[in-house]
Amino acid sequence: MITLHTVSKRFGSFEAIKSVSLNIKSGEIHGIIGASGAGKSTLLRMMNLIEHPDEGEVIIDGETLNHLKGKRIRHMRQSIAMIFQGYHLVGNKTVFDNVGLPLELAKVPKKDRAKQVMESLRFVGLETLKDQYPGQLSGGQKQRVAIARAIVNQPKVLLCDEPTSSLDPNTTAEVLDVLKRINEEFGVTIVIVSHEMEVIKSVCERVTVMADGQVYEVIEIEPTGVHKMEHSAEGFVKWLRLGGDVDHA
Amino acid sequence: MPDILVEYQTEIWVSIGETFIMVGFSILAALFVGLPVGTFLFLCRKGQLLENQVAFSSLNLIVNIIRSFPFLLLVIFLIPFTRFIIGTAIGTAAATVPMTVIAIAHYSRLVEQSLLDVPKGVMEAAVSMGASIKDIIFKFLYVEARSALVLSMTTSTISFISYSTIMGVVGGGGIGDFAIRYGYQQFRTDLMIYIIIIMVVFVQFIQYAGITLARKIDKR
């Protein structure tokens, strides 16, 4: 589904991403874990080309995207939704109008939007709040509005940048549950960046462990809690340091 | 109503009309030129969507130069330009030329600063949704910054009224010029004070209207 092929990114003299290759399978929930500064957000932001790699290729659905420009890149982004730690809702628009934004951008006629927006809001359980403004909502509600906004035009992929890092444990569980249902019911491929092991373990099928702009390990988390990894000694240590379990296999 | 105001009421109304024309054109210029210029200035900044060092620096310099002129000197400096545009450098119509020039520079700077307050994340979300530059400006930036833009316009309008009092030097007229010529120069201090009171009331009203509107449309 999403393939990064030897991508690199520098910010001035700082090497944020050092020749990383990664393959995310269609329909999976893939976690990217690492300490802050490991480059995980930068890697995520390459998947919709908000961040352009200096080298390497970003391939989605067999199509190399790096060199897309203008209209085509915008069109591509409409099928790859994204949510953020800070929600990033438009404060002066109602919940309903916020969720309708992607449809508005895709030039869906106004009369056709309402039904989709309401379906999306119902999915996250916030249809009663449609006329509120984001400022009146709690953090968890804001993130659910952001999720409703992200899924309103049926994206193929949902990128999540620290989606629960500003939320308390209960709200985190609610948000993760919504993400899981999106994956199960619509088959949306989900990539979650987080520094919290609990978040990653509770929803992800595979986890990429990052440190210093490199990928150290890709770990499969089986439903039984058994992890398979082709551990490099280093990758194993990084995984443990981030709070990961010891390999039971 | 004081007798002196009644005595001069025709002149006062004409002067108020002239002030309205000068300030009105300034507001229009601020809105239709200053707003786009300020938006462009903001978008050309480092780290913004249209990041362009050359465009930003040159536009920034022009805005700064216009705003550094003592306004009286700008009016005089622009006389050849005014004559070229209007055909004469004297009168209310001619006076609108320097007024619009300063209005554009003034409001564009305030627009740029208002837009800086829009959270970067909102812009990032817009980009991630596949919004075009036009969409980002009208569906995100202006929506989030609308209160600040209204307050900036309020501040600008009050400055325009102040600037307009100088336009007497090129026969632009206006209420401020009336106060100077009839009140100060003809030693009718009471008349001058009455005019000042009218202007104070006027400015208070604009400030109140601006703040009320800004508060009403701010849902954040």
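Buried means under 20% relative accessible area, exposed means over 50%, and partly exposed lies in between (1.4 Å probe, protein chains only). Keep that scale at hand for the tour.

This is a predicted model, in which local features need pLDDT of at least 70 and side-chain atom pairs count only at pLDDT 80 or more, while totals for chains, interfaces and linings use all residues. Residues are numbered from 1 along each chain as written, chains are lettered from A in the order written, and side-chain values use heavy atoms, without hydrogens and water.

**Stop 1: chain B as a whole**

Select chain B. It has ten helices and zero strands; helices (H or I, at least four residues) and strands (E, at least two) are DSSP runs, numbered from the N terminus. The C-alpha atoms of chain B fill a box of roughly 65 × 40 × 25 Å along the principal axes. Of the 220 residues in chain B, 49% are buried. Now look at contacts (heavy atoms within 4.5 Å). Among those in chain B between residues at least 6 apart in sequence, 74% join residues at least 24 apart.

**Stop 2: Gly38(B)**

Select Gly38(B), in helix α2 of chain B. Gly38(B) is buried, at 0% relative accessible area. Show its neighbours: Gly38(B) touches Ser108(B), Val111(B) and Glu112(B), leaving aside residues up to four places away in sequence. Gly38(B) and Leu116(B) are 11 Å apart, C-alpha to C-alpha, and 78 residues apart in sequence.

**Stop 3: helix α9 of chain B**

Select residues 175–184 of chain B. This is helix α9, mostly covered, with seven of its ten residues buried. Among them are Ile175(B), Asp177(B), Phe178(B) and Tyr182(B). The buried residues of α9(B) pack against α2 and α10 of chain B.

**Stop 4: aromatic pairs**

Rings of Phe, Tyr and Trp (its six-membered ring) pair if their centres lie within 6.5 Å; planes under 30 degrees apart count as stacked, over 60 as edge-to-face, and the rest as tilted. Over all chains there are eight such pairs. Select Phe123(A) and Phe186(A). Their ring centres are 5.0 Å apart and their planes lie at 40 degrees, so the pair is tilted. Phe123(A) sits in helix α4 (residues 110–123) of chain A and Phe186(A) in helix α6 (residues 169–186) of chain A, so the pair ties together parts 63 residues apart in sequence. Which of the two is buried? Phe123(A) is, at 13% relative accessibility. Phe186(A) is partly exposed, at 49%.

Move to Phe20(B) and Phe202(B). They also form a tilted pair, 5.5 Å centre to centre, with 50 degrees between the planes. Phe20(B) is in helix α2 (residues 9–44) of chain B and Phe202(B) in helix α10 (residues 189–217) of chain B, 182 residues apart. Phe202(B) is partly exposed, at 31%.

**Stop 5: salt bridges within chain A**

A salt bridge is a side-chain nitrogen of Lys or Arg within 4 Å of a carboxyl oxygen of Asp or Glu. The whole structure has 18 of them over all chains. Select Lys40(A) and Glu162(A): their closest N and O atoms are 3.8 Å apart. The pair links helix α1 (residues 40–46) of chain A to the loop between β7 (157–161) and α6 of chain A, 122 residues apart. Both Lys40(A) and Glu162(A) are buried.

Next, select Arg181(A) and Asp177(A). They form a salt bridge, with closest N and O atoms 3.8 Å apart. The two are four residues apart in helix α6 of chain A, about one helical turn. Arg181(A) is partly exposed, at 26%. Asp177(A) is partly exposed too, at 42%.

**Stop 6: the interface**

Show both chains. The contact takes 20 residues from chain B and 21 residues from chain A. About 1900 Å² is buried between them, 61% of it given by carbon and sulfur atoms; buried area is the accessible area (1.4 Å probe) that two parts lose on being put together, summed over both. Glu124(B), Ser128(B) and Met129(B) supply 31% of the area that chain B buries against chain A, more than any other three residues.

Which salt bridges cross here? The rule finds two between chain B and chain A. Lys139(B) bridges to Glu104(A), closest N and O atoms 3.9 Å apart. α7 (120–128) and α8 (133–164) of chain B each supply at least two residues of the side that touches chain A. Stay on Lys139(B): it also meets Asp135(B) in a salt bridge (3.3 Å, N to O). Finish with Arg45(A), Glu51(A) and Glu124(B), linked in a network of salt bridges.
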